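Dear colleague,

Please find below the structure I am handing over to you, together with its sequence.

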Amino acid sequence: MKVLKVDHIGIAVKNLDESLKFYTEVLGLKCEGTEVVEEQKVRVAFLPCGDSELELLESTSPDGPIARFIEKNGEGIQHIALRVENIERALEYLKEQGVRLIDEKPRYGAGGAKIAFLHPKTTKGVLLELSER
Ligand code: ZN
């Protein structure tokens with residue numbers, strides 16, 4: 001498999017609009033719009049940051065994965081996304097290597113990217129997302 005770069009860093013926030021104020025007004029990043037991803041029960045905002053991006057995630061439901069993450073850990077970094085060349089092949093390879101996959105097959109995430117998550121149990125404690133655009 002080939003990892004091309006850190007695609008984005010996913011940050012769980014309680015309130016997207018309030019968080020955006022900090023990232024745009026204080027840090028001076030630009031928000032490229034927000035999007036609701038129903039399947040994951042999140043509203044997300046992407047902020048380009050050099051060659052990669054920050055992804056702010058707010059839960060749209062109290063039982064969504066982001067709400068549960070915040071309940072357990074508080075706000076903060078929730079996942080790191082690596083951009084790969086061919087996500088299907090990467091998943092096949094990782095499975096062969098004994099990596100536990102959360103998504104056996106890629107699904108569509110924000111911005112129409114193909115994404116799949118790897119279980120933190122086999123990635124040294126980091127929730128890794130693979131992404132192909
Ligand atoms: Zn992500």
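The zinc ion has four protein donors, namely His8 (NE2), Glu55 (OE), His79 (NE2) and Glu129 (OE), which lie 2.1 to 2.2 Å from the metal. Please bear in mind that this is a predicted model. Along the sequence, the donor residues follow the spacing H-x46-E-x23-H-x49-E.

How is the arrangement of the 4 donor atoms around the zinc ion classed? The angles they subtend run from 82 to 167°, and the arrangement is therefore irregular.

I turn next to the charged side chains. Side chains of opposite charge can pair when their charged atoms come close. The count for this model is 10 salt bridges.

Arginine 43, in strand 3, takes part in two of the pairs described here. With aspartate 17 it forms a salt bridge whose closest N and O atoms are 3.3 Å apart. That pair links distant parts of the chain, since aspartate 17 sits in helix 1 (residues 16-26), 26 residues from arginine 43. The side chains of arginine 43 and aspartate 17 are also joined by a polar contact of 3.3 Å. Aspartate 17 is partly exposed, with a relative accessible area of 47%.

The side chain of arginine 43 also meets that of glutamate 58 in a salt bridge, at 3.1 Å from N to O. Here strand 3 is linked to strand 4, the two residues being 15 apart in the chain. Arginine 43 and glutamate 58 are both buried. Beyond its neighbours within four places in sequence, arginine 43 has contacts that include Leu16, Thr34, Val36, Leu56 and Thr60.

A further salt bridge connects aspartate 51 and lysine 5, with 3.6 Å between the closest N and O atoms. Aspartate 51 lies in the loop between strand 3 (42-49) and strand 4 (52-59), whereas lysine 5 is in strand 1 (residues 3-13), so the pair ties together parts that are 46 residues apart in sequence. Aspartate 51 is exposed, with a relative accessible area of 59%, while lysine 5 counts as partly exposed at 22%.

Lastly, Asp7, Arg83 and Arg133 are linked in a network of salt bridges.

With kind regards

Definitions and conventions:
Residues numbered from 1 in each chain as written. Predicted model: local features only at pLDDT ≥ 70, side-chain atom pairs only at ≥ 80, totals over all residues. Heavy atoms only, no water. Salt bridge = Lys/Arg side-chain N within 4 Å of Asp/Glu carboxyl O. Helix = DSSP H or I, 4+ residues; strand = E, 2+ residues; numbered from the N terminus. Buried < 20%, exposed > 50% of the residue type's maximum accessible area, 1.4 Å probe, protein only. Polar contact = N/O pair within 3.5 Å; in protein donor to acceptor, adjacent residues only side chain to side chain. Contact = heavy atoms within 4.5 Å. Donors = N, O, S within 2.8 Å, 3.2 Å for Na, K, Ca; no water. Tetrahedral: all angles 85-135°; square planar, octahedral: opposite > 155°, others 65-115°.
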